[in-house]
Amino acid sequence: MMSQRRTPALDAAARPAEPARAANAIPEDRILDCAHDLLLAVGMRGLNMAEIARRAGISRATLYRRWPNVTALTAALVTREFAAVVEANMRDDTGTGRERLVRLVVRVAGALRDHPLLRKIVDVDPEFLLPYLLHRRGRSTNHQLALLEDSLRAGIADGSVRPGEVAPRARAVLLTAWSFVLTGPVLASPATGPTPPGPAPTGEVSIEALDAELAALLDRYLAP
């Protein structure tokens, strides 16, 4: 007579196998966090899908089912980080619509300018930004434009922003803000390298002074 006692190995073999985790069951933030840390360590040129997958504890096949290449993955990372900066600076319900909008743009510009991820890209791999500056809009740009349009409508509704089409003004505000994010540090920093011919600018300008000018510029541009 056979014993009814079953070994653990037999029990395991008798149980139906657990389904493999689908690609979309892997938390996206876990993957993007690994890409974030790797980008800060090695820059864009050092990023590769194999190392990101290894750090996230997933297969390369799983990673490629989410993103076709490292550029697409990095774009998703940048979108996430920029959206987080905007969200963190939106908790402001004091003043008029125009005042809130101006404060939001200046705060977000400063936060993005100092963001470690953007600083790494600007300092080491600025060519990553060129397609989004010269050829096409990314998801984060569209998100920012939609937010600016909503903020402009709120200002128009309370009378603090001049009436008119919000779409072109949202783009003008974003273009202005991005110039302060990307070029502001160059103009606020002491000049380096050989002195070019011609008249020289007088004095030094702090980044805080530039931000104050950005606030004044936007406030006067949007006022009725």
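A salt bridge here is a side-chain nitrogen of Lys or Arg within 4 Å of a carboxyl oxygen of Asp or Glu. In this predicted model, Asp29, Asp33, Arg80 and Glu81 are linked in a network of such bridges. The model being predicted, local features need pLDDT of at least 70 and side-chain atom pairs count only at pLDDT 80 or more, while totals for chains, interfaces and linings use all residues. Residues are numbered from 1 along each chain as its sequence is written, and side-chain values use heavy atoms, leaving out hydrogens and water.

The protein chain comes to 12 helices and 0 strands (DSSP runs numbered from the N terminus, H or I of at least four residues for helices and E of at least two for strands). Of its 224 residues, 37% count as buried (under 20% relative accessible area, with exposed over 50% and partly exposed in between, using a 1.4 Å probe and protein chains only).

Arg80 is partly exposed at 22% relative accessible area, and so is Asp33 at 37%. The whole structure holds 14 salt bridges. Another one of them sits within helix 9, where Arg153 and Glu149 have their closest N and O atoms 3.6 Å apart.

Arg98, in helix 6, is buried, with a relative accessible area of 16%. Its side chain makes a polar contact with that of Asp219 at 2.8 Å (a pair of N or O atoms within 3.5 Å; within protein, one must be able to donate a hydrogen and the other to accept it, and residues adjacent in sequence count only if both atoms are side-chain atoms). A polar atom of the Arg98 side chain also lies 2.5 Å from the backbone oxygen of Ser160.

As for the nonpolar side, the largest nonpolar core has 55 residues (buried Ala, Val, Leu, Ile, Met, Phe, Trp, Tyr and Cys joined through side-chain atoms within 4.5 Å). Ile31, Ile52, Leu63, Trp67, Leu73 and Leu112 touch the most other members. Helices giving two or more residues to this core include helix 2, helix 5 and helix 6.
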